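Please read the notes below alongside the model.

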Amino acid sequence: MIVVMKKGATDEEVQHIVQRVESLGLKSHVIHGTERTVIAAIGEKREQTKESLISGAGVADVVPILAPYKVASLEVKPEPTCIQAGSLVVGAGTVGVIAGPCSVESEEQILSTAEAVKKSGATALRGGAFKPRTSPYSFQGLKEKGLQFLANARDATGLAVVTEVMATDEVELVAKYADVLQIGARNMQNYRLLEAVGNTDRAVLLKRGASATIDELLLAAEYILNEGNSQVMLCERGIRTFESHTRFTLPLATVVYLRQKTHLPVVVDPSHGTGHTELVPDMAAASIAAGTDGLILEVHPNPEEALSDGYQSLNFEQFEETMQQCRRIAEAMDRQLGS
Ligand code: PEP
Ligand code: MN
């Protein structure tokens, strides 16, 4: 249920309703909108809930939340959420650009990439230190050493660090170094992991599972939001279909659809979404035309020698050209690209 407070309802009135909601055995999420405050009361629906809340002082209305996801829905919060994590801004007219290699491979590699992408206008640095690889024999990442290299690159450039966390018992370690915790496609439905990142104060980039529906993505986000972490970005990174010319199929309608259903910002990953370097620039531009709030792009100093995902990575020059093209599209959409 959503308890919609009257315009000008006092803090005491809001607090009173929060206590009433919790005494009914429901969880409360207070959302301060520009117009008014609403309190989402989440939990199993009970007959008496509406009656016992509607008479509260300062309450304008009590309405059911129709969507299966609750805190993520536009019903609860009609204003889009803008997320800021260090140098990265995603939403509110700014298209955040997260760029960097698939994997952190060496200090020199991550530092030179950070400097290059920053120069071209990226607002955050990506790089995996813990890598979810299909084969156990593939490069698994530099682990904590990789995190240290990322943190050094942040110190040198000021770029916020986005990096993946794969396991619940590694959340604390990764959160020590990262500005944004990435949940990879393979872990989108690892519910204990979602709860664990929901209990940090770090923003989260939640990637869509390759076979997950949009509702499943939103319900996965709900696990994070339900723990009290409101800083969630949803990432469309392509889904598995019968098409084999591209690594995944990148459905940009997701961006438009999500905008109509959720206040959470959306980030598109054209690198994994296509799996081919030459397809990335135009799909990045198309993502901006579709209204994305952010891009995550794989960039490597020498893609041919990358330890992972080189075939879909841009080199520095290609990244610079991609940014130039994207900036023109962003301008046409009345948005600002990166910094
Ligand atoms: C990545 O970002 O390098 C990655 C592994 O992405 P995904 O989880 O979308 O496959
Ligand atoms: Mn990758």
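**Notes on the ligand site**

1. An N or O atom in the side chain of Lys131 is 2.9 Å from an oxygen atom of ligand 1. Such a polar contact is a pair of N or O atoms within 3.5 Å. Of the 290 Å² of accessible area that ligand 1 has on its own, the protein covers 97%; accessible areas come from the Shrake-Rupley method with a 1.4 Å probe.

2. This is a predicted model, in which local features need pLDDT of at least 70 and side-chain atom pairs count only at pLDDT 80 or more, while totals for chains, interfaces and linings use all residues. Residues are numbered from 1 along each chain as its sequence is written, chains are lettered from A and ligands numbered from 1 in the order in which they are written, and side-chain values use heavy atoms, without hydrogens and water.

3. A polar side-chain atom of Arg126 lies 2.8 Å from an oxygen atom of ligand 1. For Glu298, a side-chain N or O atom is 3.3 Å from an oxygen atom of ligand 1.

4. The residues around ligand 1 (a heavy atom within 4 Å) include Cys102, Glu164, Gln182, Lys207 and Arg237. By class, this shell has two nonpolar, three polar and seven charged residues.

5. Which space does ligand 1 take? Ligand 1 takes the space of the largest pocket, which holds about 260 Å³. Its lining counts 20 residues, and Pro132, Arg186, Arg247, His272 and Asp309 lie nearest its centre.

How values were computed. Polar contact = N/O pair within 3.5 Å; in protein donor to acceptor, adjacent residues only side chain to side chain. 1 Å grid on protein atoms, 1.4 Å probe; cavity = no way out; pocket = protein on both sides within 12 Å on 5 of 7 lines; lining within 4 Å. Sits in = over half its atoms within 2 Å of the grid points. Nonpolar A, V, L, I, M, F, W, Y, C, P; charged D, E, K, R; others polar. Points joined across faces, edges and corners; volume = space filled by probe spheres on them.
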